[in-house]
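This briefing covers a pocket, a set of charged side chains and a few backbone details. Please look over the sequence and the structure before reading on.

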Amino acid sequence: MLVRFEDEADQEYREAGRWYNARVAGLGLDFFDEVDATLRRIVAFPQAGWRVPRVSNDLPVRRVAVKRFPYHVIYLVSADAVRVLAISHDRRRPGYWRERLRSF
């Protein structure tokens with residue numbers, strides 16, 4: 001199964017990694033490694049993530065926590081791919097990414 005980042009999610013991923021690396025050398029790479037490990041778990045078990053509340057049942061959006069960092073990977077499983085909708089910080093602007101569901 002392929003992993004496809006929506007443009008906004010890719011930007012969030014890169015910006016968070018740069019932010020962590022600016023704080024402590026190498027911490028950004030640790031962040032990328034943890035997100036990548038989370039994505040591997042999602043690909044292996046796509047239905048294992050928690051369903052996101054208050055999202056239509058027609059769009060089974062799920063989330064999985066990123067270990068060591070206060071982030072979740074928000075995703076939607078399609079027929080051929082895991083579509084990453086957001087790399088969402090747990091404490092900043094909860095649910096901001098819901099606007100992205102309009103294109104689905």
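The largest pocket holds about 290 Å³ of space. Of the 14 residues that line the largest pocket, the closest to its centre are Glu 12, Glu 15, Ile 87, Arg 92 and Tyr 96. The model is predicted, so to speak of local features a pLDDT of at least 70 is needed, side-chain atom pairs count only at pLDDT 80 or more, and totals for chains, interfaces and linings use all residues. Residues are numbered from 1 along each chain as its sequence is written, and side-chain values use heavy atoms, with hydrogens and water left out.

**Pocket**

- A pocket is found on a 1 Å grid over the protein atoms alone, as an open set of points where a 1.4 Å probe fits, with protein on both sides within 12 Å along at least five of seven lines; lining residues have an atom within 4 Å of a point.
- Grid points are joined across faces, edges and corners, and the volume is the space filled by probe spheres set on the points.
- Helix 1 (7-23) and strand 5 (81-89) each supply at least two residues of the lining of the largest pocket; helices (H or I, at least four residues) and strands (E, at least two) are DSSP runs, numbered from the N terminus.
- Helix 1 gives the most to this lining, with six residues.

**Salt bridges**

- The structure holds five salt bridges, each defined as a side-chain nitrogen of Lys or Arg within 4 Å of a carboxyl oxygen of Asp or Glu.
- One of them joins the side chains of Glu 6 and Arg 83 (2.8 Å, N to O). This pair links distant parts of the chain, 77 residues apart: Glu 6 is in the loop between strand 1 (2-5) and helix 1, and Arg 83 is in strand 5.
- Glu 6 is buried, with a relative accessible area of 19%, and Arg 83 is partly exposed, with 27%. Buried means under 20% relative accessible area, exposed over 50%, and partly exposed in between (1.4 Å probe, protein chains only).
- Another joins the side chains of Glu 12 and Arg 100 (2.6 Å, N to O). Here too distant parts of the chain are linked, with Glu 12 in helix 1 and Arg 100 in the segment after strand 5, 88 residues apart.
- Glu 12 is buried at 13% relative accessible area, and Arg 100 counts as buried at 17%.
- The side chains of Asp 30 and Arg 68 also meet in a salt bridge (3.7 Å, N to O). Asp 30 lies in helix 2 and Arg 68 in the loop between strand 3 and strand 4, so the pair ties together parts that are 38 residues apart in sequence.
- Asp 30 is partly exposed, with a relative accessible area of 29%.

**Buried charges without a salt bridge**

- Lys and Arg count as positive and Asp and Glu as negative; His and the chain ends are not counted.
- Arg 62, in strand 3 (residues 62-65), is buried yet has no salt bridge, and the nearest side chain of opposite charge, Asp 58, is 13 Å away.
- The side chain of Arg 62 does make a polar contact with the side chain of Gln 47 (3.1 Å). A polar contact is a pair of N or O atoms within 3.5 Å; within protein, one must be able to donate a hydrogen and the other to accept it, and residues adjacent in sequence count only if both atoms are side-chain atoms.
- Glu 34, in helix 2 (residues 27-44), is also buried without a salt bridge, and Arg 68, the nearest side chain of opposite charge, is 4.2 Å away.
- Not counting residues up to four places away in sequence, Glu 34 touches Val 66, Lys 67, Arg 68 and Phe 69; contact means heavy atoms within 4.5 Å.

**Leu 85**

- Leu 85 is in strand 5 and is buried, with a relative accessible area of 1%.
- Beyond four places in sequence, the residues that Leu 85 touches include Glu 6, Val 61, Ile 74, Arg 100 and Phe 104.
- Leu 85 and Val 73 are 12 residues apart in sequence and 7.8 Å apart in space, C-alpha to C-alpha.

**Positive phi**

- Most residues other than glycine have a negative phi.
- Arg 54 has a positive phi, near 60°; it is in the loop between strand 2 (50-51) and strand 3 and is exposed, with a relative accessible area of 75%.
- Arg 68 has a positive phi near 75°, and is exposed, with a relative accessible area of 57%.
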